[in-house]
Amino acid sequence: MHTQLNNLVVSSSRSDVNKFPTEEIQNLNQPLITIIAATYNAEKHLPTLINSIREQTYSKVELIVIDGASHDKTLDILRANEDVVSYWLSEPDAGIYDAWNKGVRHTHGEWILFLGADDFLWNSHTLLQMADILSKTSKEVLVTYGRVMLVNEAGESVYLVGESWLNIKNRFKQVMCLPHQGVLHRRSLFEQRGVFDDSFRIAGDYELLLRELRDNDAVFVEGLVVAGMRQGGVSSAPKNSLRALKEIRKAQILHGLRYPGRIWIGAYIRSHIKAWLWTILGEEDVKKILDFYRQMLRLPPYWTKL
């Protein structure tokens, strides 16, 4: 371990993972999977994430944690779990995409999964199931994904997100409809397309994937739930949906999609209406209205379960 207190940098690495040369790992039939987690004051949920990796029946996994200089017990948790955490770093950063970029520089895996501290692998066989698919995936495919279960703060399942690429291929060019916590990125994606653009605050994952998937295909793993993703609180407020949609549009323009599509326009209008109702009627009443609307569309309830 080394510590640079003047720069507020603390880091640690586990030699039994980092000793393997990348070339040797890539020649193995089953791929090494890297999980990169960005954290900040994550003492509440970080143990759940770490334990979900500890319990995996698939052994070729490395966990890299990039922390934004937490001042709670996050670093104590990382130190206590260095048998699972392959490498961790704690220093101020410029946001989640800056943190994930730092993590990419320390990866050894052929495939990379990005999680937040609130996320966790869905069950103990998740990576084993995923690895079986990844080992048979064409080298031309740079993005593979499964489903993600949205859960509330109590850990209760809300509903599954994630559809086949055939269903969402065209929709993806208008809105973010890939469940990012379920997306495996081949290492060569970053070599060919570059890393996350950290000028984005919310939709940097969409912008990166748009570079690849505007003209190429992703592979969907049917029947696989990759991760649980906690919902609720500030992150579910309509104003954040509006901010995300604005950044999505910025990414589209950046990659030559000059005009917004009807799906993006519809989502933007709905987000404005939700934000207005949120202000006028209050959060609880609006959640009931939104779920009534979802029921009319034969969709499962979401808002009232948060």
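# Rings, cores and salt bridges

Mentor: Start with tryptophan 264 and tyrosine 268. Both sit in helix α11 (residues 262-281), 4 residues apart, about one turn of the helix.

Trainee: What makes α11 a helix?

Mentor: The model is predicted: local features need pLDDT of at least 70, side-chain atom pairs count only at pLDDT 80 or more, and totals for chains, interfaces and linings use all residues. Residues are numbered from 1 along each chain as its sequence is written, and side-chain values use heavy atoms, with hydrogens and water left out. Now your helix. Helices are DSSP runs of H or I with at least four residues, strands are E runs of at least two, and both are numbered from the N terminus. The protein chain has 12 helices and 11 strands.

Trainee: Why is tryptophan 264 called buried?

Mentor: Buried is under 20% relative accessible area, exposed is over 50%, and partly exposed is in between (1.4 Å probe, protein chains only). Tryptophan 264 has 9%, so it is buried. Tyrosine 268 has 21%, so it counts as partly exposed. Across the protein chain, buried residues make up 53% of the 306 residues.

Trainee: How many aromatic pairs are there?

Mentor: A search of the whole structure finds 15. One joins phenylalanine 114 and phenylalanine 196. Their centres are 5.0 Å apart, with 85 degrees between the planes. Phenylalanine 114 is in strand β6 (residues 111-116), while phenylalanine 196 is in the loop between α8 (187-193) and α9. The two are 82 residues apart, so the pair links distant parts of the chain.

Trainee: Why is the pair of phenylalanine 114 and phenylalanine 196 called edge-to-face?

Mentor: Rings of Phe, Tyr and Trp (its six-membered ring) pair if their centres lie within 6.5 Å; planes under 30 degrees apart are stacked, over 60 edge-to-face, the rest tilted. With 5.0 Å and 85 degrees, phenylalanine 114 and phenylalanine 196 pass both tests. Phenylalanine 114 is buried at 0% relative accessibility. Phenylalanine 196 is also buried, at 3%. Now set tryptophan 264 and tyrosine 268 against the limits: 4.9 Å centre to centre and 10 degrees between the planes, hence stacked.

Trainee: Which residues form one aromatic cluster?

Mentor: Tyr97, Trp100, Phe114, Phe190 and Phe196.

Trainee: How do you know that lysine 250 lies over the face of phenylalanine 200?

Mentor: The rule asks for NZ of Lys or CZ of Arg within 6 Å of the ring centre and within 35 degrees of the ring normal. Lysine 250 is 4.4 Å from the ring centre of phenylalanine 200 and counts as lying over its face.

Trainee: What makes a set of residues a nonpolar core?

Mentor: The members are buried Ala, Val, Leu, Ile, Met, Phe, Trp, Tyr and Cys residues, joined through side-chain atoms within 4.5 Å. The largest core here has 40 residues. Phe114, Tyr145, Trp165, Phe172, Leu178 and Leu213 touch the most other members. Helix α9 (residues 204-213) gives the largest share of this core, 5 residues. Another core lies apart from it, with 32 residues, including Ile33, Ile50, Ile53 and Leu134.

Trainee: Why is the contact between glutamate 153 and lysine 44 called a salt bridge?

Mentor: A salt bridge puts a side-chain nitrogen of Lys or Arg within 4 Å of a carboxyl oxygen of Asp or Glu. For glutamate 153 and lysine 44, the closest N and O atoms are 3.4 Å apart, so the pair qualifies. It links distant parts of the chain, 109 residues apart. Glutamate 153 is in the loop between β8 (143-151) and β9 (157-161), and lysine 44 in the loop between β3 (33-39) and α3 (46-54). Glutamate 153 is partly exposed at 43%, whereas lysine 44 is exposed at 62%.

Trainee: How many salt bridges does a search of the whole structure find?

Mentor: It finds 16. One of them joins lysine 102 and aspartate 98, at 3.9 Å, N to O. These residues are 4 apart in helix α5 (residues 96-104), about one helical turn. Both lysine 102 and aspartate 98 are buried. Lysine 287 and glutamate 283 meet at 2.9 Å. Both lie in helix α12 (residues 283-296), 4 residues apart. Lysine 287 is buried at 9%, and glutamate 283 is partly exposed at 36%. Bridges with shared partners also join Glu91, Asp98 and Lys102 into one network.
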